[in-house]
Amino acid sequence: MKITLTVNGSRRELEVDDRRLLADVLREELGLTGTKVGCAHGVCGSCTVHVDGRAVRSCLTLAVQADGRAVRTVEDLAAPDGTLHPLQQAFSEEHALQCGFCTPGFLMTALPAADAGVPLDEERARELVSGNLCRCTGYDGIVGAVVRASAICAGAAPAADAEAQR
Amino acid sequence: MSAVEEAREEQAAPGLIGARVRRREDGRMVTGAARYVADVELPRCCEAAFVRSAVAHARIAAVDVEAARAAPGVLAVLTAADLAAVRPLADMLEVESIKTPRPPLAADRVRYVGEPVAVVIAEDRYAAEDAAELVAVDYDELEPVLDVEAAIAGAPLLHDHVPDNVYFRTQFRSGGTDEAFAAADLVVSRALHVNRQLASSMETRGVVAQADPDGLLTVWLSSQAPFQQRYLLALALGLPESRIRVVVPDVGGAFGPKDFVFPEDLCVAHAALTLGRPVRWIEDRQENLMAGSHAKEQKLHVELAFAADGRLLAMRGRFVGDTGAFAYSGPAGLVDVMFSAQSLPGPYVVPAYDYDVLGVLTSKTPVAPYRGVGITAAQTARELLLDEAAERLGIDRVELRRRNLLGDEPATSITGQEYDGGSYATSLERALERIDWAGFPARQAAARAEGRHLGIGVSPFVEGTSLGTLAQLQSGFPMPSHDHAWATVDLTGTVAVGVPTCSHGQGHATAFAQVAAEVLGVGVDDVRVVERDTEASPWGMGTYASRSAVFGGGAVLKAARLLRERILAVASLLLEAPPEALVLEGGFAGIAGVPEARIPLAGIAGAAHFDPGVRAALGESGLRVSVFHDSPPAYSNGCIAVEVEVDAELGTVRLLRTVAVEDCGTMLNPTIVEGQVRGGLVQGIGAALLEHAVYDDAGQPLTTTYMDYLVPRSTDVSAIEVDHLVSPSPRTLGGMKGMAEGSSIAAPAAVLNAVADALSPYGFRVERLPLGPHAVWEGLRAAGTA
């Protein structure tokens, strides 16, 4: 079937099998391998992307379901000049990743809340990411990064110097 | 070695070793630019899908692949007959009975659900999976062997040459144990069934193989030990090592099982060699949970003997490991039970000890090492019994531990493990302080007045690390160790170090750069760390058993120091000053106190390359140095304390406070250390409360999705406070001790003791893991209350 996706702002016309998963189309056809497949049954959240601004599990979404829609992946978070989004920056500063495999999914899950301009406390941040699995970090860093990024995006905390060492 | 110093952030040393340098790996990982094995792109790459045994134990009567071969997009369907030239995975350990050769594909018999029977290679995974469903396998079913005690007691043999299904049996008698038990004022004992678990890294297994026309087989593997794997691949495929290159891309977690070569890897490599096209296999989660590798299940029976004053007089233990259908890899099967047996004494003085160890085969997925291996089981049994003994002796449970803890000086355990000293008592006291142990009785009483059940538990640990030749010998089964590093300065003045370890989330490219940068007086960004490629990095055992800080960090320290000498030798010639008058800082070699007399590293490298006099003075290797590194054992220590609330009606456990005190000697990067502590601790909480690989009575695995096999989520745990003590090892280069497993080793006991404490009014007793709601409910019912 022929579909049209707007992926990270670019219009893409594709011929795909009806049964092909959005995750596979993003990774294989479009080369956007930042989206990770961790379980392929919708539990771990590593494959989270945005479709029309909403976080979805691309391992449970057929590519044809995204026809005519806007898809956003982790590759689109940093600015064109490479400047990291405050959430990406906070993930590094809070040591919210080790192997990095689950990281794109956590970023895409937390992004709307971080961008909403409302500072999150620790409890709300912990709840926010509870639908994603991370096996390395024990979650404290991830929770801390979401708290920090939400505060920065809300203007409630200054962005840290990129090179500052904590 | 009694100096225990604070290492709080504000007191961190000014050098780069021990600094909280932000990880250089993060940039690519937060932008989606990191490349894992599934992201390796090769032209004309095809994909594999496996046909797996649907039954636990059977003879294979027939395999019909004709329909699959005719399916669209299929390039090949391989069965055992097609892989006759590939040798089964054999064991590197020289213990004859554990040799249960594991074929790439089952030939005439299957021994666990999920065992590979055939493999389909097709244009893409969709076509491969479609065709795999068309493969028809006829099974003549045999009785499955699902329990270790039954396996020993007359069950069918899984391998005809392994009597009683016992592939490994050993014992230890220290002398004096029976006498000590006879004279004891109290003996406590516990039979504990430790749950079957999975490492469950977020990235599953994966392999991509490509054969070049000129005869080089390149294998991209999600791995922890590329050089070991190259050797195992060479043995199985019948190729010289020089014709195999193993490349490890970014690795999405491992925690132990990715040390070895698996049957699927052999099939994919063979297919790439015979088809002339690259072949990829990325394990899916269901395959991973069913047949990737399991871990840790064992039945143990432990007894402790005490004097009335609380002194521990002796221990006894029987450890029976449930290895699954193959003892391959022997280290995998043996680490669980042998490490359990050897590490039962832990951080305590134990005058006498007897143990028996059995490694037993069952019709389950074979086990592999997983973080904390058998040490967790021993720690859990011992710490549960210490709480019970304290209650029965009428001694406070912390006081009982204090009376038996080792002193801070190096000591040899009764099992022959050479501890290098630590902060055994101090770490306990620090953990108590951080969790406000003293204030707990009031908190508990207040909660009980409201009908709520709070409990608190503590679990001091030692963690055997630095698994080199000697540590491996002391662990109970010898396996030599071999690691190298190299270091060099290039013509533009930047440094490269080749390391023998295999980072899979531990931030080695940052931490080891810190080590080299400090020694060589350059910035962290001026050091490139070369790893994970058998054609570029130096030979090494890889990253497992918390060995990397000692072996990778130590080897880099050694190489960097040697390179520093070489650099200063060149500078000495060029500046006409003795090496002892020279300093290396800011990327320059210069004469101390004479700022204008200095040469940039690029100039040093240029002279070393092209100045005939300098080159001659440096000798054959010039500015590229190479070192070998082995290390004696090192033992980290620490203490975990947790406070929980148990809902006695629902059987649920909520973590209220979690404290980890860690002493791993010299830290390379405290931020990375803390990340490891937290991650290990949460895995330990999963082991205690959630994680359980379950089989039904027919040997069918029931936990093959993440909806059934539960790993902890952010809301299943509390924030974790981490505190450090620093007792540098007197035995390792740089004073580093390995770490990353201690918190996973100690957390289950802390959690379980806290639950038992919360439910102490009911006489609740822990006898199996995990302690999920149903187990809590059953335990309460057994105690006669629910």
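Start where the chains meet: 44 residues of chain B are in contact with 47 residues of chain A, contact being C-beta atoms, placed from the backbone, within 7 Å of each other. Bear in mind that this is a predicted model, where local features need pLDDT of at least 70 and side-chain atom pairs count only at pLDDT 80 or more, while totals for chains, interfaces and linings use all residues. Residues are numbered from 1 along each chain as its sequence is written, and chains are lettered from A and ligands numbered from 1 in the order in which they are written.

On the chain B side, select helix 1 (26–30) and helix 19 (670–689), the elements that give two or more residues to the side touching chain A. Helix 19 of chain B gives the most, with six residues. (Helices, H or I of at least four residues, and strands, E of at least two, are DSSP runs numbered from the N terminus.) Colour that side of chain B by class and you get 17 nonpolar, 15 polar and twelve charged residues. Here Ala, Val, Leu, Ile, Met, Phe, Trp, Tyr, Cys and Pro count as nonpolar, Asp, Glu, Lys and Arg as charged, and the others, Gly among them, as polar.

Next, stay in chain B and pick out an open sheet of four strands, in the order 22-21-20-26 with mixed pairing; strands pair if DSSP finds at least two bridges between them. Strand 22 (527–530) and strand 26 (624–628) of chain B are the edges, each pairing on one side only. The twist averages 15° from one strand to the next.

Zoom in on strand 20 (484–489) and strand 21 (495–498) of chain B, which run antiparallel over four bridges. There, B:Val489 stands opposite B:Val495.

For the last stop, go to chain A, which is divided into domain 1 (2–76) and domain 2 (86–153), bounds that come from an automatic or database domain assignment. Their C-alpha centres lie 21 Å apart. Across the boundary, 13 residues of domain 1 of chain A are in contact with eleven of domain 2. Strand 3 (48–51) of chain A gives the most to the domain 1 side, with three residues.

Note on methods:
Two residues are in contact if their C-beta atoms, placed from the backbone, lie within 7 Å. Axes are lines fitted to C-alpha atoms, for helices over the stretch in contact, and angles run from 0 to 180 degrees between N-to-C directions.
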